[in-house]
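Good morning, colleagues. Please look at the structure as it comes up.

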Amino acid sequence: MILCIIRDVATKKNKMVKFLDLYSINQQYKSELKEAFERVLDSGWYILGNEIKQFEADYAAYCGTKHAIGVANGLDALILIIRAYKELGVFEEGDEIIVPSNTFIASILAVSANGLIPVLVEPDLYSYNIDPNLIEAKITTKTKAILPVHLYGQLCDMANINRIAKKHNLKVIEDAAQSQGATINGTRSGNFGDAAGHSFYPGKNLGALGDGGAVTTNDDELASAIRAIANYGSHIKYKNKYKGINSRLDELQAALLGVKLKRLDADTEIKRNIANRYLSEIRNEKIKLPKVSEQSAHVWHLFVIRTEDRDHLQQYLTGNDIQTVIHYPIPPHKQEAYKEWNGLNYPVSEQIHAEVLSLPLSPVIRDEEVNKVIEALNNY
Ligand SMILES: *Cc1c(COP(=O)(O)O)cnc(C)c1O
């Protein structure tokens, strides 16, 4: 009897459907990751060597861009793009960049960090991405760029965004942190604008075992400036063209990422199948499913539903051993860091932040776990 209870408690613990099981995700590549680690260890060369050269070439080829530049993280990637445009005389402090009002804060921090002004534009309630129809009303003589964020893994309406940018002579800087691999008509995330910032944060679709990021671009001059700024401002050792920073992707992370890049498309396909099951099998009028523009345009970094009483649903799922996360609980304009915006109203963004909940989704989630999530939601 007692044994039965103990076994029950033990299986209950294992029964928890994890939101994202990073341990199991990386265990899939254990032997190759160890090989890559040994190669770097034994090379005796840890910064700006062959591993980063190889990864940059592979990642550029994957995205279809001329350049990929490894940097320390995704926030730095965006900061460096804007900084390089300042150095090249394209942007100056006080200029404005259009960003979505419901993004992860880093998209907006990158603009502020450079002394430029983020101008918030509301998203579409169903795709969660910036609404191109609202962009032109926010363009002023100070506007220099649009920074679309492919939120949760789905590409923005880039045809319309690029059309508006061209008409008003604006740069387009993609925040591709969540959208590795997404494509529309053969063009891949990171190759839709003038430059793109990518993140290899462990939980992202292509995750390192630590921090990492990259910039992709087809612009030689911009690429060259970013390379130098990220390396103390030097093209040539001890010769400083810019007052630069140190933001590099190290050899070890580059080698580990090279292993995982080979499997990215296969992992995305697994996630797509799970997302398709959620989309077709979750049937509950209290739950609003995400709108998908085109299969290949979504790589499902997150599967985000909406419901009126979100906190109640989250508690219910936790009670059913299903782990969920809120992306994101507080809209940028309500953050303490942006006090100047606290009084402004962005009703769509506020509704999204109040109602969203991200369901468990990963390449290692098992069928019976997916069944359990669907069943719990349908019974809610
Ligand atoms: C993760 C993320 C970033 C920042 O990337 P880090 O590597 O964590 O610095 C930027 N924008 C978005 C949309 C992100 O999700």
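Predicted model: local features only at pLDDT ≥ 70, side-chain atom pairs only at ≥ 80, totals over all residues.

Let me begin with the lining of the largest cavity, whose residues divide into eight nonpolar, six polar and four charged. The largest cavity holds about 170 Å³ of space. Its lining consists of 18 residues, and Ile-25, Lys-204, Asn-205, Lys-271 and Pro-363 are those nearest the centre. The largest share, four residues, comes from α10.

How many cavities of 30 Å³ or more are there? The count comes to two. In the second largest cavity there is about 50 Å³ of space. Its lining is made up of 13 residues, with Ser-127, Tyr-128, Tyr-152, Pro-290 and His-298 nearest the centre. By class, nine of the lining residues are nonpolar, three are polar and one is charged.

I turn now to the largest pocket, with about 330 Å³ of space. Seventeen residues line this pocket, and the closest to its centre are Tyr-201, Gly-203, Lys-204, His-301 and His-327. The lining comprises 11 nonpolar, four polar and two charged residues.

Next, the ligand. Which residues come nearest to the ligand? Of the 13 around it, they are Gly-74, Asp-175, Gln-178, Ser-199 and, once again, Lys-204. A backbone N or O atom of Gly-74 lies 2.7 Å from a ligand oxygen. In the side chain of Asp-175, an N or O atom is 2.7 Å from a nitrogen atom of the ligand. Ser-199 places a polar side-chain atom 2.7 Å from an oxygen atom of the ligand. Taken alone, the ligand exposes 380 Å², and the protein buries 91% of that. Two helices, α5 (74-87) and α6 (105-113), each give two or more residues to the shell. By class, the shell has five nonpolar, six polar and two charged residues.

Finally, the aromatic residues. The structure holds 11 aromatic pairs. One of them, Phe-104 with Tyr-328, is tilted, at 5.4 Å centre to centre and 35° between the planes. This pair links distant parts of the chain, 224 residues apart: Phe-104 sits in the loop between β2 (96-100) and α6, and Tyr-328 in the loop between α11 (310-319) and α12 (347-355). Thank you for your attention.

Key. Residues numbered from 1 in each chain as written. Heavy atoms only, no water. Near = heavy atom within 4 Å. Polar contact = N/O pair within 3.5 Å; in protein donor to acceptor, adjacent residues only side chain to side chain. Areas by Shrake-Rupley, 256 points an atom, 1.4 Å probe, with all protein chains shown as cover. Nonpolar A, V, L, I, M, F, W, Y, C, P; charged D, E, K, R; others polar. 1 Å grid on protein atoms, 1.4 Å probe; cavity = no way out; pocket = protein on both sides within 12 Å on 5 of 7 lines; lining within 4 Å. Points joined across faces, edges and corners; volume = space filled by probe spheres on them. Phe/Tyr/Trp six-rings, centres within 6.5 Å; stacked < 30°, edge-to-face > 60°.
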